[in-house]
Amino acid sequence: MISGELKAALEAEFQAAVTADQPVFGGDINQAARVSLADGRAIFVKWNRSAGSDFFAAEAHGLRTLAAAGAVRVPEVYAVGKHPPFLAMEWIDTERGYASDDFAEALGRQMALLHRATAGQHGLDADNYIGSLPQSNTPSASWVAFFRDRRIGAQMDIARQRGRLPKEREALLTRLQSWLDVFLDDQGIRPSLLHGDLWSGNYMIARDGQPVVIDPAAYYGHREVDLAMTELFGGFPPRFYAAYNEVYPLKGYEQRRELYQLYPLLVHMNLFGGGYAARVDAIARHYGG
Ligand code: ADP
């Protein structure tokens, strides 16, 4: 059941009575529900009492930024609220089950089209979050500087605060930071619009069989970061990569895949610790050793 406070906030926002609500499970961080309104609309609402005031505003901005590119469907944002912090959006009727080849192909093609949307600099006009951790998007003309400071360096700072950056790890990562321009062609990397957290939990299969992506941590950056994320936990279906490559061919991505997986692995290490730290160290040794 949604709280009385959230119900009142939704009724004020939508100018309609809430007639039913069903919990939706599966999120990592927030609580969620399908909410029915007296005028017949159904909305998806997620909320989190401990979220900072800008948390859902940042997600809403990411969803709208992706939507504006017109490449892949995202739920339409309806409202961002403060008391309690919530985000309300279009309810998407979904298909259960696994991604078909046609679905994987559509998602691959659409992500490639998303990546064809570019900006003048890496970053975004606002900071956001990766999971529950802050993600700085201060724009930079240099991808190497952006990835080094705003992605690796920022997570190193969080690791230090959380006691997850022993001296040896810090030395390995610092060395990797200094080597980045050997692996990355700074001038050749275009700032592509990225989903930013593209794992299998962040796409849905709509009733029409088409992909819908959710939960972005959007910014402009090297498109291979999104691809590397898809491969972090087992990978997307082969048709996804084939379709992606047809629309926007990759060159030399495999050499950088683990380097780019370092970022989500640092995030996971900072959030969950455990085995992720060993993978962080292995990658840092590989690229920085
Ligand atoms: P969290 O931010 O906590 O990770 P998600 O945004 O991943 O939460 O949402 C949790 C679950 O709710 C998703 O796994 C998905 O199944 C479902 N979901 C998310 N957005 C919608 C939507 N617009 N319509 C229907 N279901 C949704």
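Modeller: Start with one pair in this predicted model. The side chains of Asp215 and Lys46 meet, with N to O at 2.9 Å.

Biologist: Why is the meeting of Asp215 and Lys46 called a salt bridge?

Modeller: The rule asks for a Lys or Arg side-chain nitrogen within 4 Å of a carboxyl oxygen of Asp or Glu. Asp215 and Lys46 have N to O at 2.9 Å, so the pair passes that cut-off.

Biologist: How many salt bridges does the rule find across the interface of domain 1 and domain 2?

Modeller: One. The two domains also have four residue pairs in polar contact.

Biologist: Which helix gives the most to the side of domain 1 that touches domain 2?

Modeller: Helix H2, residues 55–69, with nine residues. That side of domain 1 divides into 10 nonpolar, three polar and five charged residues.

Biologist: What makes domain 1 and domain 2 two domains?

Modeller: The domain assignment does. It gives 4–90 as domain 1 and 101–288 as domain 2. Their C-alpha centres lie 26 Å apart.

Biologist: How do you know that residues of domain 1 are in contact with domain 2?

Modeller: Contact needs heavy atoms within 4.5 Å. By that test, 18 residues of domain 1 touch 26 residues of domain 2.

Biologist: How much area do domain 1 and domain 2 bury between them?

Modeller: About 1,700 Å², with 72% of it on carbon and sulfur atoms. Leu66, Val72 and Arg73 supply 30% of what domain 1 buries against domain 2, more than any other three residues.

Methods. Residues are numbered from 1 along each chain as its sequence is written. This is a predicted model: local features need pLDDT of at least 70, side-chain atom pairs count only at pLDDT 80 or more; totals for chains, interfaces and linings use all residues. Side-chain values use heavy atoms; hydrogens and water are left out. Domain bounds come from an automatic or database domain assignment. Buried area is the accessible area (1.4 Å probe) that two parts lose on being put together, summed over both. A polar contact is a pair of N or O atoms within 3.5 Å; within protein, one must be able to donate a hydrogen and the other to accept it, and residues adjacent in sequence count only if both atoms are side-chain atoms. Helices (H or I, at least four residues) and strands (E, at least two) are DSSP runs, numbered from the N terminus. Ala, Val, Leu, Ile, Met, Phe, Trp, Tyr, Cys and Pro count as nonpolar, Asp, Glu, Lys and Arg as charged, and the others, Gly among them, as polar.
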